[in-house]
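Okay, thanks for coming, everyone.

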Amino acid sequence: MKPKTPRLSGHMLRTMVRTIESPVIGGGAFYAMAHQMGVRELLDLHVPRETPIPFDHAPIVASKRNEP
Amino acid sequence: MTTWPLPPTQLAAAYCERRQSPADVIERSLLLAEQAADAGHAFLIQADGEGARRSAAASAERYASGTPLGPLDGFPIAIKDEIDVAGLSTRYGTTYMPSCPVMSDAVAVKRLRDAGAVVIGKVHQHEFGLGVTGVGPQFPVPRNPHAPDRVPGGSSSGSAVGVASGIIPLSLGSDAGGSGRIPASLCGVFGFKPTYGRVPRTGDTGLNGSLGHMALIASSVAAIDHAMGVVSGKDPSDPATMHEAAPFESLGNAGMDLTGLTFGIDESMWRNAAPDVAKQAREVLRTLEGQGARLVDVAVRHGELTRQLGFLVLTAESAAQHRDDVRLYAANMGWDARAVLAFGARITASDYIHAQRVRHELRLDVARVLSSVKAIIMPTTLITAPPIHADATESGEVDDDVTRGLTTNTFLANLTGHPAISCPIGCDRDGLPIGLQIVGDAWDDAGVLQIAAWLEREQIARVLRPRVSYDLVTGAS
């Protein structure tokens, strides 16, 4: 069970934003937040070397019903 | 005659038979929007009374001469603030972007107008579309018609509130991570995100990213179906639409037979649903089975990571899109919108490309799953509408638990581009609406709508009249 993360608003939210925007410590704050939000899990995911880097954003992959 | 919610065919019939006139209905719609604002449900942030009255008069003339343009003629609609409407300003749900009327309609808006729909104005949205609650410091929050202390959902918040309260039967919104389906789910109406490339995004620069889609929010599937017949189709200004395999053709809801249809259930998309949400949604599954449909377990590769994947792609693209806005308006922004943009600006190019490669694998796997099932079914949101916190209306808020509850199942269809609809299937023990999502195969928009229409016809999915509602035909509240 994931522990509840605190809701940020007001002073806490402003502090968090200013920390991430900081040119000195912002990078570290970003990764701390990314970890908390589960994004770290995605960034650590292994992707096979042969997976292309898609620059065409039309994301429709032809499936059975769409093939001509 | 059923007067609430108003099916489009009944309104068109009332116009044809002279029981109602477009001019009266549009006037009532504008008036009720003002009344709703007084009652704390201010969904309309820019009214176009003059333009709407002019369009309504033209519509009335067409009905009088027996030449209506179709079922949307004289139909009151409203447009999300970030979508261009000629003569009104596009301010992305902010109060600080320049107030400068644009010269032309977004392509989808123009197509709706050409079909006779009457635009009454522009509706509230979460600031820059960068949130899914509809709560922030820019405008008074349009409160959820089912419970005024609850969020409406976002970012197409005003669209859902206007439709749920009965004042507009249809609204054009947008959806880059669930922004059309989430408020539809929380407010108990239908919300449809078409296949990527089906509906032109020209005239909505908020949708320039790779996840952006137009969305239709309505009180009936028929209204979405009619609108899709109008707004879809190629537009050279939006290259994504040039991939359209075949034009959208409505299947309606007649003759739908579930026997032999197979629906995919990915348990990872149900695991964290609130008990009432899971219970009601599983009851619908049992009904589908009882009607001859087959349910099969499916497992979408990376399905458990779609929220993180969508968030990373969306925030990185948004940070790029709004670089100048941050320079010019950071001091005016809500802190939640600023947080999203600050986060996105920290994502490295390498992380973004990594996410796009994972997305490529996700797309392939969803296509694999949808080659063997008609649709994948899951709760739209894992939770019902959360409370509005007073401090969030002043500073904005970041609530990771709420974001998880609202976006875990919606990003999937944005990342892959598949069509998806949220259908209202009842309420939880507190009377808050629950949405069921149907994700279909690419370009099978009509098939997805046909399933939703079947659910609606069988009264499994239906729009319930909320505590705060208005009758567009009689004007009663």
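**Confidence first, then the fold**

pLDDT is the predictor's confidence in each residue, from 0 to 100, and helices here are DSSP runs of H or I, at least four residues, while strands are E runs of at least two, numbered from the N terminus. This is a predicted model: local features need pLDDT of at least 70, side-chain atom pairs count only at pLDDT 80 or more, and totals for chains, interfaces and linings use all residues. Side-chain values use heavy atoms, without hydrogens and water, residues are numbered from 1 along each chain as its sequence is written, and chains are lettered from A and ligands numbered from 1 in the order written.

Chain A averages a pLDDT of 79, and 74% of the residues score at least 70.

Now chain B: it has 16 helices and 12 strands. Of its 477 residues, 67% count as buried, meaning under 20% relative accessible area with a 1.4 Å probe, protein chains only.

Let's zoom in on strand S2 of chain B, residues 76–80, where five of the five residues are buried. S2(B) pairs in the parallel sense with strand S3 (residues 118–123) of chain B over five bridges; pairing takes at least two DSSP bridges between the strands. B:Ile77 has B:Val119 in S3(B) as its bridge partner. S2(B) also runs parallel to strand S4 (residues 170–175) of chain B, joined by three bridges, and B:Ile79 stands opposite B:Leu172 in S4(B).

Technical notes:
Buried < 20%, exposed > 50% of the residue type's maximum accessible area, 1.4 Å probe, protein only.
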